[in-house]
Amino acid sequence: MTQQRRWFVTGTDTGIGKTLVSSAMLSLLAGSGLRAVGMKPVAAGLEEVDGAWRNEDVEQLHAAGNVDAPLELRCPYLLRAPMSPHLAARQEGVSVTLQPLLSAFEQLSAIADAVVVEGVGGFCVPFGDDLDSADLAVALNLPVILVVGLRLGCLNHALLSAEAIRARGLVLAGWVASMVDPSMLAPQANLQTLRARLGAPLLGIVPHLEKPDASSAARHIDLRALRATAAHAARRAASPEATSAAQA
């Protein structure tokens with residue numbers, strides 16, 4: 001059975017290192033000889049650079065991969081205002097719908113060996129009145145990687161996120177700890193608690209980096225534990241009955 005190297009990366013909150021971890025994953029995958037591409041289905045927050053409107057997360061993902069896919073596939077919805085996507089879309093009169101996102105993902109999958117899909121903010125961030133990030137993850141039916149921002153409150157955020165992921169019948173393939181608060185009290189004790197309770201492999205601990213970039217973060221991540229969960233996800237994808245039973 002061919003291993004499906006496709007993952008959905010979500011986080012316990014916004015600003016906790018999802019893009020850094022996703023970029024690090026792409027760097028590792030590309031470095032192993034795979035054609036790797038990142039996808040940010042919806043991005044909110046643009047700045048003008050050299051006369052063009054750009055999103056920093058989308059640019060970082062593109063730089064970390066090695067597939068020169070069109071922007072409209074890598075990010076079907078680019079929204080200008082740096083706010084929740086459903087509010088940014090409403091402000092621009094845009095309706096974010098599921099089909100363009102699924103179509104873009106399928107096209108990326110056809111030209112790449114590995115696709116890393118980075119969500120927006122936390123797992124359930126709204127895209128519109130009847131669509132959110134969790135709905136997209138379910139529609140893609142990808143194994144999920146959870147980025148946990150290590151700071152006060154992370155235990156509750158991480159455990160609730162893991163519960164929400166599994167409640168939708170998705171595989172929590174692994175998690176990455178991101179040291180967003182270098183002054184956090186008892187970080188090792190918090191990590192120990194998360195290891196005991198999340199029920200998924202820890203893929204790495206990304207320290208608070210003075211100059212964060214994909215290659216630096218990649219030194220702290222090990223993707224080998226994803227092989228077993230990737231195989232499990234492939235079996236689920238080949239068996240719709242199993243997926244339906246998990247969601248029942």
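Here are some friendly notes on the predicted model shown above, from the overall fold down to single residues.

1. **Ground rules.** Because this is a predicted model, local features need pLDDT of at least 70 and side-chain atom pairs count only at pLDDT 80 or more, while totals for chains, interfaces and linings use all residues. Residues are numbered from 1 along each chain as its sequence is written, and side-chain values use heavy atoms, with hydrogens and water left out.

2. **Fold and dimensions.** You will find eleven helices and twelve strands in the protein; these are DSSP runs numbered from the N terminus, with helices being H or I of at least four residues and strands being E of at least two. The radius of gyration is 17 Å, close to the 18 Å that the globule rule gives for 248 residues, so the protein is as compact as a globular protein of that length. That radius is taken over C-alpha atoms, and the rule is 2.2 Å times the number of residues to the power 0.38. Along the principal axes, the C-alpha atoms fill a box of roughly 45 × 45 × 40 Å.

3. **Burial and surface.** Of the 248 residues, 50% count as buried (buried is under 20% relative accessible area, exposed is over 50%, and partly exposed is in between, with a 1.4 Å probe and protein chains only). The protein exposes about 11,500 Å², and carbon and sulfur atoms supply 51% of that area; accessible areas come from the Shrake-Rupley method with a 1.4 Å probe, and for residues only the protein chains shown count as cover.

4. **Contacts and charges.** Among contacts between residues at least 6 apart in sequence, 76% join residues at least 24 apart, where contact means heavy atoms within 4.5 Å. There are 20 positive and 23 negative side chains, and the centres of the two sets lie 9 Å apart. Lys and Arg count as positive and Asp and Glu as negative, with His and the chain ends not counted; each charge is placed at NZ of Lys, CZ of Arg, CG of Asp or CD of Glu.

5. **Two cores.** A nonpolar core here is a set of buried Ala, Val, Leu, Ile, Met, Phe, Trp, Tyr and Cys residues joined through side-chain atoms within 4.5 Å. The largest has 50 residues, of which Val148, Leu150 and Trp175 touch the most other members. Not counting residues up to four places away in sequence, Val148 touches Thr12, Cys154, Ala158, Trp175, Val176, Ala177, Ser178, Leu194 and Leu198. A second, separate core of 29 residues includes Val9, Leu34, Ala36 and Leu226.

6. **A serine worth a look.** Ser22 is found in helix H1 (residues 18-31) and counts as buried, because its relative accessibility is 0%. Leaving aside neighbours within four places in sequence, Ser22 is in contact with Val9, Leu61, Val116 and Glu118.

7. If you check backbone angles, stop at Asn141, which has a positive phi of about 55° although it is not a glycine. Asn141 is found in the loop between helix H6 (133-140) and strand E10 (144-149) and is partly exposed, with a relative accessible area of 23%. Ala186 also has a positive phi, near 50°. Ala186 is placed in the loop between strand E11 (172-178) and helix H8 (187-198), and counts as partly exposed at 44% relative accessibility.

8. **Some pairs separated in sequence.** Gln107 lies in helix H5 (residues 98-111) and is partly exposed at 39% relative accessibility; Gln107 and Arg74 are 33 residues apart in sequence and 9.8 Å apart in space, C-alpha to C-alpha. Thr193, in helix H8, is partly exposed at 28% relative accessibility, and Thr193 and Leu155 are 38 residues apart in sequence and 7.9 Å apart, C-alpha to C-alpha. His157 belongs to helix H7 (residues 154-167) and is partly exposed at 35% relative accessibility; His157 and Gln188 are 31 residues apart in sequence and 17 Å apart in space, C-alpha to C-alpha.
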